[in-house]
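Here is a short report for a reader new to this structure. Look at the sequence and the model first.

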Amino acid sequence: GDTGQYISANAVEAAQSTRGLALEYHKSYDPRWHKALDFFDNISVANTSYFFKCEESQLSSNATMFAYLKWTGDDGGVVVVNNHYKAFCPDDHFWRAPVCRHDPTQCIL
């Protein structure tokens, strides 16, 4: 695909030069091995007025979230309301990856 996450050049350079951490590589974000969080803002600083609510995005698409659940088995990331599958977004704006759900302060933005 042609979508992805933007990472500032400053964060990439800081992570590489101080820890040898390659932020362009997805496995560098595994919190069991690395602290990529140190190079990003915490999710708590986000001004949610700049973001769509989950219900205004594909995160509320029945087909999308049913497929997500079927493919991943991640029942903690999906809720079913009136037989409609949608993402579990505890703050109405952000879906959290499984590793972030128990402690959102460890999530990056």
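The report covers the model, the nonpolar cores, a hairpin and a pocket.

## The model

This model is predicted: local features need pLDDT of at least 70, side-chain atom pairs count only at pLDDT 80 or more, and totals for chains, interfaces and linings use all residues. Residues are numbered from 1 along each chain as its sequence is written, and side-chain values use heavy atoms, without hydrogens or water.

## Nonpolar cores

A nonpolar core is a set of buried Ala, Val, Leu, Ile, Met, Phe, Trp, Tyr and Cys residues joined through side-chain atoms within 4.5 Å. Buried means under 20% relative accessible area, exposed over 50%, partly exposed in between (1.4 Å probe, protein chains only).

The largest such core has eight residues: Ile 7, Ala 11, Ala 15, Leu 21, Leu 23, Ala 36, Phe 39 and Phe 40. A second, separate core has six residues, including Cys 54, Met 65, Tyr 85 and Cys 89.

## The hairpin

Strands here are DSSP runs of E, at least two residues, numbered from the N terminus. They pair if DSSP finds at least two bridges between them. S1 (residues 78–81) and S2 (residues 84–87) run antiparallel, joined by four bridges. Val 81 has His 84 as its bridge partner in S2.

Two residues separate S1 and S2 in this hairpin. Asn 82 is not a glycine, yet has a positive phi of about 50 degrees. Asn 82 is exposed, at 76% relative accessible area. Asn 83 lies in the loop between S1 and S2. Its phi is also positive, about 65 degrees. Asn 83 is exposed, at 66%.

## The pocket

A pocket is an open set of points on a 1 Å grid over the protein atoms alone, where a 1.4 Å probe fits, with protein on both sides within 12 Å along at least five of seven lines; lining residues have an atom within 4 Å of a point. The largest pocket is lined by 27 residues, and Trp 95, Ala 97, Cys 100, Cys 107 and Ile 108 lie nearest its centre.
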